[in-house]
Amino acid sequence: MTETAKLIIDGKTVELPIIIGTEGEKAIDISSLRQQTGYITMDVGFGNTGSCKSKITFMDGEKGILRYRGIPVEQLAEKATFRETAFLLLNGRLPTLDEITQFSVMLNDHSMIHEDMQVFFSSFPRGSHPMNILAAMVNALNSFYPYLQDETDINFIFTRLLSKVRTMSAMSHKISRGHKVVYPKADLSYCANFLNMMFDSPVKPYRIDNDIVKALNVFWILHADHEQNCSTSAVRVVGSGKVNLYAAISAGISALWGPLHGGANQAVIEMLTRIHEDGVSMNSIIKKAKDKNDPFRLMGFGHRVYKTYDPRAKIMKKMSDKILKKLKLDDPLLDIARQLEEVAVKDSYFVDHNLYPNVDFYSGIVLRAMGIPTDMFTEMFAIGRLPGWLAQWKESMDDPEWKIARPRQIYIGNPKTKYISINKRDLETKEAE
Ligand code: SDX
């Protein structure tokens, strides 16, 4: 017997079905509301609105829980590789040894990109933002690798895209600096290959450091999915029109770029650098962040869902320590970040608003230690989020209930009026003067 919610409206009582999730989350299914009552609901920013039922990721914002296909992200970060995590998200279970071997072979077999694509990279103006380039180049993949949506092995398409995005990112980096492009190597793992393509050079061959490779695996695992966030919702909404996969993913990349979303990791480092260079006090930064008349926000703090410490930030914070120690690096921005956190988490404004560090607060420190340029930080987030976007896109395409996304609105504009000819308008204006 389905539980229902009763709504009394205009003297009428309507019953709406209640949906209960695996972990006891509850929703009122309002899909028949307009037809039964003529009413729609309003929820600007969709903070209280479920767009779908999903089996991919579970988050509990109050308890700081994050699980991919039921597995806590802490366990995956500690024990899994990014490839395994990508397979888990895409297939709903961890791979067998044969499957992960086959997946790795396919990732390497399809890691090259069409040579003609290199022309695109060198045609972008110097200083173009990597997210600008990535969004354009992923969209362009539909021209270089067109597929007929109903006639193909979508897992092959996914694997090829997962591999090529990594190559495109490293290649774009090299070309943007006028350096020789480094091709992927069949004997390197997914993450090691990326680092080698980024940093190997004829003058100074890149030495693979397993601790850095592990750190990159963890970084990408922590970013791999996050249920219906802004960019994933963009992928689902754009995909709901049945456009090709590349266009939907390109929309996700563009949505992620925003400083309130994935662009925050770059914004955090820029904020910490300003604090370091200007020598401003922590208290003045906190005061500025609290000032309603100041648009400044403490970047890397706060979250739509987490109202406690983002579990990913905890792991990222530990990893920033570890990687700096390993590389014998001393990053003043890490000290600033920790001081800022210390002051903020004790400040009543942040406590009252449930504002804690999110995944972006320490991630930039880790990327800096790896040698990743700041303007590539959000692109690194995008490469990590790609398996999640693909899994969510596939789930929406396979969902029998899924329809083209088309929210409603409440109109608050002009009542009915009429057209007035330009001459008459002109005359009226002159008469009014
Ligand atoms: C990501 O959704 C996801 O899952 C995203 C993500 C993922 O993995 O996909 O987790 C990745 O995007 C992480 C978030 C990265 N963004 C930032 O770090 C940017 C800084 N944070 C904020 O702009 C903000 O916290 C948001 C956008 C993240 C969340 O905004 P909310 O929950 O809609 O909060 P709000 O804008 O409604 O603010 C609520 C109150 C306001 O004060 P009041 O007007 O109620 O008095 O909290 C204040 C805000 O002013 N507030 C902040 C703040 N964040 C919220 N004040 C100062 N600094 C901040 N960072």
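Cys52 is in no disulfide, and the nearest cysteine sulfur, that of Cys230, is 15 Å away. This is a predicted model, in which local features need pLDDT of at least 70 and side-chain atom pairs count only at pLDDT 80 or more, while totals for chains, interfaces and linings use all residues. Residues are numbered from 1 along each chain as its sequence is written, and side-chain values use heavy atoms, with hydrogens and water left out.

**Terms for burial and secondary structure**

- Buried means under 20% relative accessible area, exposed means over 50%, and partly exposed lies in between (1.4 Å probe, protein chains only).
- Helices (H or I, at least four residues) and strands (E, at least two) are DSSP runs, numbered from the N terminus.

**Cysteines**

- Cys52 is partly exposed, with a relative accessible area of 23%.
- Cys191 is buried, at 2%.

**The three-stranded sheet**

- Strands E4, E5 and E6 form an open sheet in the order E4-E5-E6, with antiparallel pairing; two strands pair if DSSP finds at least two bridges between them.
- The edge strands, E4 (57–60) and E6, each pair on one side only.
- E4 and E5 run antiparallel and are joined by four bridges.
- Thr57 stands opposite Tyr68 in E5, and Phe58 has Arg67 of E5 as its bridge partner.
- In a regular strand the side chains alternate between the two faces of the sheet.
- In E4, Thr57 and Met59 point one way and Phe58 and Asp60 the other way, and all are buried.
- The hairpin of E4 and E5 has four residues between the strands, and Gly64 takes a positive phi near 65° there.

- Most residues other than glycine have a negative phi.
- Arg69 has a positive phi, near 50°; Arg69 sits in the loop between strand E5 (65–68) and strand E6 (71–72) and is partly exposed at 24% relative accessibility.
- Asn354 also has a positive phi, near 55°; Asn354 belongs to the loop between helix H16 (348–352) and helix H17 (360–370) and is partly exposed, with a relative accessible area of 30%.

**Salt bridges**

- The whole structure holds 16 salt bridges, each a side-chain nitrogen of Lys or Arg within 4 Å of a carboxyl oxygen of Asp or Glu.
- Side chains of opposite charge can pair when their charged atoms come close.
- Glu401 and Lys53 meet through their side chains in a salt bridge (3.4 Å, N to O). Glu401 lies in the loop between H18 and H19 and Lys53 in the loop between helix H1 (33–37) and E4, so the pair ties together parts that are 348 residues apart in sequence. Glu401 is exposed at 51%, and Lys53 is partly exposed at 48%.
- Asp209 and Lys326 form a salt bridge between their side chains (3.3 Å, N to O). Asp209 is in the loop between H8 and helix H9 (210–222) and Lys326 is in helix H14, so that the pair links distant parts of the chain, 117 residues apart. Asp209 is buried at 8% relative accessibility, whereas Lys326 is partly exposed at 37%.
- The side chains of Arg236 and Glu395 meet in a salt bridge (2.7 Å, N to O). Arg236 lies in helix H10 (residues 230–239) and Glu395 in helix H18, so this pair ties together parts that are 159 residues apart in sequence. Arg236 is buried at 2%, and Glu395 is buried at 15%.

**A buried aspartate**

- Asp310 is in the loop between helix H13 (282–290) and helix H14 (311–326) and is buried, with a relative accessible area of 0%.
- The side chain of Asp310 makes a polar contact with the side chain of Arg312 (2.6 Å); a polar contact is a pair of N or O atoms within 3.5 Å, and within protein one must be able to donate a hydrogen and the other to accept it, with residues adjacent in sequence counting only if both atoms are side-chain atoms.

**Exposed residues**

- Ile412 lies in the loop between helix H18 (377–398) and helix H19 (422–432) and is exposed at 80% relative accessibility.
- Ala186 is in the loop between helix H7 (154–176) and helix H8 (190–199) and is exposed at 69%. The C-alpha atoms of Ala186 and Tyr206, 20 residues apart along the chain, are separated by 16 Å.

Definitions and conventions: A disulfide is a pair of cysteine sulfur atoms within 2.5 Å.
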